Amino acid sequence: MRLEGVESTLAGTTVSEAVIETRQAGSIEVEVHGHRSEACRELAGAIAERVRQRAAEGRVYVLGLPTGSTPVPLYAELVRLHREEGLSFANVVTFNLDEYYGLSPENPQSYHAFMRKHLFDHVDIPREQTHIPDGTVARDQADQHCRDYEAAIRDAGGIDLMLLGIGHNGHIGFNEPGALEASRTRLVRLDEVTRHMAATAFGDHDHVPEEAITVGVATILEAREIVLMAWGSLKAKAVARAVRPPVEAAVPATYLQRHDAVKFLLNKGSATWMDPS
Ligand code: PGA
């Protein structure tokens, strides 16, 4: 799956003292930190190194980005690196994983708003280099919009690093249980577990959108490197399931076992269900 000309993996970055444990779970490298902030500091540092390296070569660095509570401390650290250590995002291109269908970019619950609030408004990334699926696209235009999104990823040279969270039901992006390995960017129905988890953010369950546009499993697996972040004991079961065979559509995160450059970045809480091997 790895493309030619790719540098060493993020997995090869110097392991800091804050790391409690590293281990290999099949094809997946697992790194457990004492605290999510330490894990995010290390990941942000590795990203900064790649971005600067590419800038020196006159090339872009292409990131796949998640939303939700998981990446918030990572984005905060990237913003800090921009403000305090001069990290420029001028050569960064981003593709977000998903957007709720029916929400406009101005809607405060939209992932467009989330990205502005947590990252884009605070760094020097040119807005035209950021991409998020359009939740307002007409239903009969959705397929074309999704094909255009895939084409934009290809035109950018493919995703260098795909960052992911994981749902309680094992979803990645909004690839819900049942999603196929060959799936591409598309309009999907949200799983009830996902809608339940989002209920607080939307005031109540009935206000949570029923659909979303998400990149596909195949889109995710084409990234050159993947880092999945998970914090807290509520994610422990999903994480444990994701790293173990069999690979199955019922737990879409298990598809990550097919990739040869995947790292799971955990804290103590999310690692509690992992086998002590
Ligand atoms: P969370 O969501 O970061 O808000 O826990 C992650 C996900 O559902 O993928």
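## Buried cysteines

A residue is called buried when its relative accessible area is under 20%. Cys 40 has a relative accessibility of 1%, and therefore counts as buried. Cys 146 has a relative accessible area of 3%, so this residue is buried as well. These values were computed from a predicted model.

A further topic concerning cysteines is the disulfide. A disulfide is a covalent bond between the sulfur atoms of two cysteines. How many disulfides does the structure hold? The structure holds 0 disulfides.

## Surroundings of the ligand

Around the ligand stand Gly 68, Ser 69, Thr 70, Gly 165, Ile 166, Gly 167, His 171 and Lys 235. By class, this shell comprises 6 polar residues, 1 charged residue and 1 nonpolar residue.

## Polar contacts and burial of the ligand

Which residues place a polar side-chain atom 2.6 Å from an oxygen atom of the ligand? One of them is His 171, with a polar side-chain atom at 2.6 Å from a ligand oxygen. Lys 235 likewise has a polar side-chain atom lying 2.6 Å from an oxygen atom of the ligand. Ser 69 contributes through its backbone: a polar backbone atom of Ser 69 is 3.0 Å from an oxygen atom of the ligand.

The surface of the ligand can also be described. Taken alone, the ligand exposes 280 Å², and the protein buries 74% of that area.

How values were computed. Residues numbered from 1 in each chain as written. Predicted model: local features only at pLDDT ≥ 70, side-chain atom pairs only at ≥ 80, totals over all residues. Heavy atoms only, no water. Near = heavy atom within 4 Å. Polar contact = N/O pair within 3.5 Å; in protein donor to acceptor, adjacent residues only side chain to side chain. Areas by Shrake-Rupley, 256 points an atom, 1.4 Å probe, with all protein chains shown as cover. Nonpolar A, V, L, I, M, F, W, Y, C, P; charged D, E, K, R; others polar. Disulfide = S-S within 2.5 Å. Buried < 20%, exposed > 50% of the residue type's maximum accessible area, 1.4 Å probe, protein only.
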